Amino acid sequence: MHPREQTIFALSSGRPTSAIAIVRVSGPQAGPALALLTEKMPVPRMATRVLLRDANRAPIDDAVILWFPGPASATGEDVAEFHVHGGRAVLAALFAALSAIANVRAAEPGEFTRRAFENGKLDLTEAEGLDDLIHAETDRQRRQALRHLKGLLGDRARDWRAQIIEASALIEAGIDFSDEGDVPAELIQPALAKIKTLLGEIQEVLAAQGRSERLREGLVVAIAGPPNVGKSTLMNQLARREVAIVSPHAGTTRDVIEIQLDLDGYPVTVIDTAGIRETDDPVEQEGVRRARARAAEADLVLWLVDVQNEKNLHEGTAPVWTVRNKIDLDTAQPGIRSRGGSGGADFAISASRGDGIQQLIGALVAFAQDYFGSGEGGLISRERQRNLLQETANLLHRSTIVIGEGEELAAEDLRAAAYALGRLLGRVDVEDILDVIFSEFCIGK
């Protein structure tokens with residue numbers, strides 16, 4: 001039997017131990033498995049309390065079961081759910097009982113969602129939105145992912161594809177009636193108008209500067225500077241916990257340390273790097289090399305200095321904020337400062353006491369707001385989506401140019417544009433990328 005024709009099961013709730021665990025079963029054997037373990041079939045979509053028993057009629061657990069006959073289920077197949085007590089022994093017994101049934105096996109990562117996709121329950125953009133929702137770490141990421149799961153891009157793409165097919169049909173009808181005098185012109189002009197309108201809409205989406213993609217990936221802020229200026233202390237202040245070793249000795253940080261922050265709903269990765277200086281220590285040299293590399297890739301660099309180290313040695317294209325630390329040791333005042341002020345710093349803080357930290361965090365939130373812009377409303381959240389929409393726009397644009405050389409050329413470009421949107425939705429020729437996309441899901445989804 002082909003793996004896709006087999007029945008699959010997996011834990012669909014959190015890791016044990018838990019109060020309640022949900023085990024989902026999907027496939028043609030879901031009904032027989034339910035009948036075997038419960039000795040009766042419940043009313044569809046109605047929670048029923050039963051005593052689960054294995055093949056030897058030994059009790060497994062006092063549970064609640066649900067039955068969803070296909071195609072009216074999440075995967076489009078017959079689906080059964082077992083709501084059991086979330087102990088490891090209970091789950092092990094239930095898994096063993098399910099595995100003993102012919103053609104029933106444990107699910108692979110993302111296999112439930114892939115079956116839902118293959119059975120037309122959701123398109124590929126919605127599946128990607130579900131993956132983003134599972135991995136969302138901030139409220140803004142959650143809201144954006146939920147909109148994609150509900151068809152933010154997929155609905156528009158389906159509408160665009162339908163209109164391209166309509167325009168293509170008009171042009172091909174013009175080809176068929178090319179001997180009828182003015183009939184082709186009456187068909188081609190409305191088609192051209194439709195194509196230009198569609199092209200404008202897609203180009204407007206592409207011009208959104210990838211803000212939704214950036215919201216999905218997050219903002220990267222690197223803390224860099226000379227050794228022993230307080231980078232690890234600032235890292236701990238931003239994290240509100242001890243994540244980096246703080247020592248009065250220079251060169252304590254040898255590798256790159258990362259933390260994930262939620263700043264007003266914006267996902268921010270803060271990187272603590274090794275102190276940048278000339279050194280003969282080969283381990284510290286590698287730390288300095290990595291520090292320079294990560295700072296060069298960051299979206300924003302906080303260059304930390306103190307009264308003994310005020311020179312900015314950063315080289316890169318990202319914006320750099322100079323943050324003067326250890327103001328508790330001099331007369332500088334905390335908070336935001338203008339360039340050319342005390343020490344030429346943008347900010348004056350005391351990472352050890354916390355002076356000026358809230359002002360720095362407020363500035364980071366403002367930077368994130370500007371960086372992400374209105375990314376939540378953007379249609380594109382992945383590079384794959386952007387590339388296929390760009391391909392569609394290029395083909396639509398070319399069709400408006402080549403139509404003067406022959407309606408057949410324009411019709412072929414329109415067919416290719418509709419095909420690109422079909423690939424975006426996952427309805428044509430995407431087998432090569434399905435394994436990559438669905439393997440990113442957790443088991444049970």
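Helices H4 and H5 are roughly antiparallel to each other, because the angle between them is over 145 degrees. On that scale, angles under 35 degrees count as roughly parallel, 65 to 115 as roughly perpendicular, and the rest as oblique.

Before I go on: this is a predicted model, where local features need pLDDT of at least 70, side-chain atom pairs count only at pLDDT 80 or more, and totals for chains, interfaces and linings use all residues. Residues are numbered from 1 along each chain as its sequence is written, and side-chain values use heavy atoms, with hydrogens and water left out.

Helices (H or I, at least four residues) and strands (E, at least two) are DSSP runs, numbered from the N terminus. H4 covers residues 124-135 and H5 covers residues 139-149; their axes come within 7 Å and cross at roughly 155°. Axes here are lines fitted to C-alpha atoms, for helices over the stretch in contact, and angles run from 0 to 180 degrees between N-to-C directions. Contact means heavy atoms within 4.5 Å. On the H4 side, the residues in contact include Leu130 and Leu133, and on the H5 side they include Ala145 and Leu149.

Next, strand S11, residues 320-324. Is S11 mostly covered or mostly open? It is mostly covered, with five of its five residues buried, and buried means under 20% relative accessible area, exposed over 50%, partly exposed in between (1.4 Å probe, protein chains only). Val320, Thr322 and Arg324 point one way, while Trp321 and Val323 point the other way.

S11 has neighbours. Strand S10, residues 300-305, runs parallel to S11 and is joined to it by five bridges; two strands pair if DSSP finds at least two bridges between them. Within that pairing, Trp303 has Thr322 as its bridge partner. S11 also pairs with strand S13, residues 347-348, in the parallel sense over two bridges, and there Arg324 stands opposite Ala348.

The axes of H12 (residues 383-402) and H13 (residues 407-425) come within 8 Å and cross at roughly 170°. That makes H12 roughly antiparallel to H13.

Which residue shall we follow here? Leu388, found in H12. Leu388 is buried, with a relative accessible area of 8%. Leu388 touches Ala420, Arg423 and Leu424, not counting residues up to four places away in sequence. The C-alpha atoms of Leu388 and Ala417 are separated by 9.1 Å, and the two residues are 29 residues apart along the chain.
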